[in-house]
Structures are given as C-alpha cells and as structure tokens.
2 protein chains.
Amino acid sequence: MTHTLVSSHKKEVIIGFDKPFCVIGERINPTGRKKLAAEMAAGDYSTVEADALAQVAAGANMLDVNAGIPLADEPAILAESIKLVQSLVDVPLSIDSSIVEALEAGLAVYQGKALVNSVTGEEERLEAVLPLIKKYGAAVVAISNDETGISEDPDVRFEVAKKIVHRAADFGIPASDVVVDPLVMPIGALGQAGVAAFRLIRRLREELGVNTTCGASNISFGLPNRHALNAHFLAMAASNGMTSAIMNPLHEEEMTGIMAANVLNGVDTNCARWLRKFRAPPAAGSQEEARSARRRRRG
Amino acid sequence: MTHTLVSSHKKEVIIGFDKPFCVIGERINPTGRKKLAAEMAAGDYSTVEADALAQVAAGANMLDVNAGIPLADEPAILAESIKLVQSLVDVPLSIDSSIVEALEAGLAVYQGKALVNSVTGEEERLEAVLPLIKKYGAAVVAISNDETGISEDPDVRFEVAKKIVHRAADFGIPASDVVVDPLVMPIGALGQAGVAAFRLIRRLREELGVNTTCGASNISFGLPNRHALNAHFLAMAASNGMTSAIMNPLHEEEMTGIMAANVLNGVDTNCARWLRKFRAPPAAGSQEEARSARRRRRG
C-alpha cells in the first residue's frame with residue numbers, strides 16, 4: 001500500500017489508497033486572478049491570508065501555494081507567502097511554480113516535508129527539479145507530459161509517468177514520494193477524456209503503485225453545470241484509484257462528491273465524517289416544541 | 001462488447017458498456033406503498049398510470065412493473081398492469097415478481113422482449129424461471145445469492161453469478177441475456193459494501209462479460225443525505241462497469257449523477273444530453289430587455 005507522507009511543522013498528512021481523499025486547496029494562485037496578482041506584487045497578502053483560512057475551514061487537507069506573477073520577484077513572493085501561510089494554518093503545503101529558483105526559495109523556508117508542484121518528463125526539468133526534491137526530502141507532483149507535449153493516448157502518458165518514477169529512483173527518491181498527475185483534458189473537446197483519465201489512473205495505481213492527483217475542474221471546461229460534472233468526475237476518479245486533487249474546497253458540490261466517495265470507498269470509518277456533516281441536529285427539542293404546539297392548539 | 005437487447009412493441013433499448021446507462025424506473029411496485037397496494041387490489045390503476053407517465057417523462061429508459069400484493073391475485077394484477085403500461089408508454093418493461101406464475105402471466109401478455117426480474121442461484125428458482133425465459137425469448141436479471149443466502153464476500157457472489165450464467169447457457173440463453181444484480185448492501189452497516197460492489201461489478205464485466213443492474217438506493221439505507229450518496233454511488237458503479245439500475249427517476253440528484261456518468265464515460269455523444277438539460281436558454285432576448293430597461297432608466 002503506497003503512502004505519500006507530507007507534513008507541516010505541526011501536522012502529517014498521508015496520501016494513500018486506504019486513506020480519505022486528500023483535498024489540496026487551489027485558491028492561492030494569482031494565475032487568472034488579476035486583483036490577487038496585483039496585491040501580491042505590491043506586498044499585500046490579505047487575500048492570501050483569507051484564502052488560506054477559508055480553504056482549511058472548508059475542509060482542505062493541504063494548500064497549494066503559487067506566486068506566478070509576470071515581471072515580479074516570484075522566488076521572494078513565493079517564500080513570503082509560504083512563511084505567512086505556515087504561520088496561519090497547520091496543513092502541509094504544495095509549493096507550486098514553473099520556475100526552479102522559486103521552488104528552491106519556497107523549499108528553503110518551508111517547515112516540514114512539502115509536496116513540490118511539479119516536475120514533467122522533460123529532460124531539462126527532471127535534471128533541475130529532482131535534485132531539489134532529494135536535497136530537501138520533499139515529495140513531488142509528476143506531470144505526465146514531456147518534450148513531445150501531452151499525448152491524447154493514456155498509454156503514452158503512462159510511459160512518461162513511468163519514466164519520471166524511474167528517474168526519481170535514480171536520484172534516490174522513492175516511488176511513494178512521486179504523485180502522478182495524469183493530466184485531465186476538457187471532456188467538451190475530447191469525449192473520451194474521462195475514460196482515458198480513469199484508465200490511466202487505474203494503471204498508475206495497479207502497475208506503478210503510485211498516488212495520483214489532478215486539476216479536477218479542467219474536465220468540465222466550457223460545459224454548463226460544471227460543479228455536478230466535477231463532483232462526479234472526482235468520485236469516479238477516486239473509484240479508479242485517484243487519491244488527491246488540486247481543487248477549490250469552497251465548492252460545496254465537489255466537496256460532497258469527495259465525502260461520498262470516501263464513504264463509498266470505505267475510507268470514512270463508520271461514515272463518521274458524513275454523519276457529522278449531514279446528520280440533522282438532535283430532534284428532541286423540536287419534538288418537545290411540536291408537542292407543546294399541539295397542546296396549545298387543543299387548549 | 002456485450003449488448004442486452006430489450007424491446008416493447010414500439011421501441012428497442014440496448015444495455016451495454018458502450019451505451020448510455022439504462023435507468024429502470026422502480027415506482028410501479030406496491031411493496032411498502034400501502035395506498036398503491038390497496039388500489040391495485042381493488043382494480044384501480046390510476047396511480048400505476050400516473051407513475052408510468054411521470055417516470056418516462058423524467059427520463060426512465062425502462063419501467064419495472066411489480067404487483068406483489070399479499071393475498072391478491074398477483075398473476076392477474078401483474079398481467080393487467082403490464083397491458084395498461086404498454087398502452088401508455090413505449091419503453092420496454094421489466095416484469096418483476098417472486099412468483100413464477102405471475103412472471104408467466106406477465107410474459108404471456110407482454111409485447112416485445114421483456115426483462116424478467118428475477119432469478120437467483122437457488123436450484124428451484126433456476127429450474128422454474130430459466131425455461132420461461134427461453135420459452136418467451138426474454139432477458140433475465142440474475143441475483144447473485146443462492147440457498148446459502150447472500151455472501152458478504154464479493155468473490156462468492158461472483159461464483160453464484162457465474163453459475164447462473166452457465167445454467168442459463170444450458171437452457172440456450174446467451175450470457176448477453178443475463179443481467180447480473182451484484183446485490184448492493186447498506187454501507188451504513190457494512191463499511192466495505194461499496195468497494196465490494198465495485199470489485200464485483202468490474203469482475204462481472206471483465207471476466208464474465210455481462211451487463212449489470214442493482215437496486216441502487218439500498219447503498220444509503222439509514223444514512224442522511226441519501227440522494228447525494230446514491231448519485232455518487234451510481235456514477236462510481238458506472239465507472240466500474242455497471243450498465244443499468246432499478247431506481248427512482250423522479251429523483252433529480254440521482255438522474256444528474258447518471259447524466260454526468262454518461263458524459264464522463266464518453267457515452268453521451270458530444271455531451272448532447274447534458275447540454276440539452278443544463279445549457280442556459282439563449283440570452284439574446286434577455287439582453288435586449290436589459291438594454292431597454294437601461295434606456296428607460298436613462299430616459
């Protein structure tokens with residue numbers, strides 16, 4: 001049973017087939033959020049703070065932190081954001097950047113065992129990122145594309161993932177510290193994107209024995225009623241072996257899908273989380289009120 | 001690719017891995033519905049009529065018809081109900097009874113190729129029901145329990161299903177005309193009921209090559225927020241190969257789960273059904289209205 005352990009200075013989280021699905025909050029990311037980008041570039045972290053607290057309150061098990069702002073000092077802003085978020089919440093973080101210097105700046109200030117997001121199968125990235133993962137004893141998200149791009153063939157994506165796992169092993173990084181992102185495509189454009197993802201997730205679990213993650217909302221891009229599609233995609237992916245997702249924990253429908261998947265996959269022991277969330281409050285008081293009301297009507 | 005063809009006098013439905021999930025409406029069933037039982041026993045079929053029309057309007061692809069009323073003339077009532085329902089709607093029917101004489105009475109009046117619900121792995125049932133299936137050229141739901149009861153072990157249930165498929169073959173009934181019900185247990189009582197069902201459904205698909213069905217709502221018995229659990233169970237089961245379910249098509253959440261599963265399994269071509277149901281109506285008119293409103297305010 002593959003366990004990917006990540007931690008903060010205060011808390012450990014284990015990603016695994018026999019564990020509740022790991023929700024990685026995606027909100028702290030200025031990509032496509034102009035206001036947040038401007039704030040972070042100006043040294044204003046108030047939205048970062050609010051997003052950190054709100055996501056953990058909504059049930060995120062980890063938070064992704066990204067500071068990808070054009071023309072800004074990304075390494076410094078990422079490090080600052082990570083220090084701030086770690087001072088506010090105790091969940092482990094995913095350090096997210098396409099710039100190796102930013103990843104290193106984040107790792108240098110991080111307290112605990114981080115998840116680094118991400119490495120691809122491109123030779124240059126492998127050579128730059130994997131030594132950092134080893135140096136800091138981190139875990140890493142492996143994205144299953146390489147120099148040739150993103151294949152539509154899930155079997156090609158499987159081979160890329162396998163290559164990354166093998167290269168990580170060469171650097172002394174165990175497969176349990178590689179969390180593969182199978183790359184979920186928009187199903188509105190590619191009708192077989194769902195079955196391709198499910199097939200790949202299952203092979204990654206059964207043949208490569210690795211944990212998996214994905215940017216879940218991509219599946220529903222361009223379609224109406226996205227929350228319902230995302231929620232059922234997450235549950236179906238979890239049923240095929242997906243163990244985490246980078247997603248918005250403030251979306252109720254998606255979180256209900258994850259909670260249902262945990263119950264149905266037998267990893268919400270005694271349905272305790274489901275009952276805590278959805279069980280109606282004790283009815284004793286209201287029954288008493290109803291009886292009083294009836295007495296009053298009769299009286 | 002296994003195809004189970006069922007039909008009415010007007011319409012064919014194919015149950016199969018490459019087809020949209022087949023929703024079998026469960027409402028025409030007096031079990032636990034005292035008022036309906038009393039009506040049917042008294043020859044009043046108004047609720048049967050209303051339930052038939054409402055379920056097809058809600059998207060049922062087939063209807064289950066059951067007339068199990070204690071001390072009533074079940075064969076006559078079942079035959080009457082089937083004639084009536086076939087006069088009202090054109091979807092194929094599932095003829096549902098635990099009494100062999102009732103199944104035969106239903107089959108005798110049915111126009112088309114029915115699904116018979118059900119046969120178990122019990123020797124006496126096999127000997128009584130399978131000849132009827134062969135005689136009328138019907139398909140049959142095979143419930144994976146036998147004289148020893150319902151095993152909690154999905155591998156034992158698989159063996160029972162396999163035995164039924166083999167016995168059906170002895171009677172000249174192809175495996176494609178056997179739709180196996182893996183028997184879904186309440187997850188509130190048996191925490192591994194979900195994974196047991198998914199595992200069994202996958203084996204039935206991959207090793208036995210048969211279509212599957214189940215009474216889906218059983219999974220959530222005794223738990224709060226049942227619709228959400230049922231919806232995600234259906235999607236997860238479909239992702240493991242389940243191709244139909246006996247369920248209440250009037251429940252919006254469950255039907256959304258089925259529709260999402262069809263999109264994600266790549267069997268809702270071009271997401272056409274999803275778009276038809278959820279795409280917002282054209283906004284041209286309302287935009288014009290908004291412009292007029294602005295002009296009026298300015299004027």
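This short talk covers a sheet, a helix pair and the nonpolar cores of a predicted model.

Ground rules. Local features need pLDDT of at least 70 and side-chain atom pairs 80 or more, while totals for chains, interfaces and linings use all residues; side-chain values use heavy atoms, without hydrogens or water. Residues count from 1 along each chain as its sequence is written, with chains lettered from A and ligands numbered from 1 in the order written.

Start with the sheet in chain A. Eight strands form an open, parallel sheet, ordered E9-E8-E7-E6-E5-E4-E3-E10. Strands here are DSSP runs of at least two residues, helices (H or I) of at least four, numbered from the N terminus. Pairing takes at least two DSSP bridges. E9 (211-212) and E10 (244-247) of chain A are the edges, each pairing on one side only. Inside, E7(A) and E8(A) pair over four bridges. Ala142(A) stands opposite Val180(A) there.

Now chain B. Helices H7 (193-208) and H8 (226-239) pack at about 30 degrees, axes 9 Å apart. Axes are fitted to C-alpha atoms, for helices over the stretch in contact, and angles run from 0 to 180 degrees between N-to-C directions. The contact residues divide into six nonpolar, one polar and one charged. Phe198(B) and Ile201(B) are among those on H7(B); Phe233(B) is one of those on H8(B).

Which residues touch the most other members of the largest nonpolar core? Phe233(A) and Phe233(B), out of 68. A core joins buried nonpolar residues (under 20% relative accessible area, 1.4 Å probe, protein chains only) through side-chain atoms within 4.5 Å. Beyond four places in sequence, the contacts of Phe233(A), heavy atoms within 4.5 Å, include Phe198(A) and Leu264(B).

Methods: Nonpolar A, V, L, I, M, F, W, Y, C, P; charged D, E, K, R; others polar. Buried < 20%, exposed > 50% of the residue type's maximum accessible area, 1.4 Å probe, protein only.
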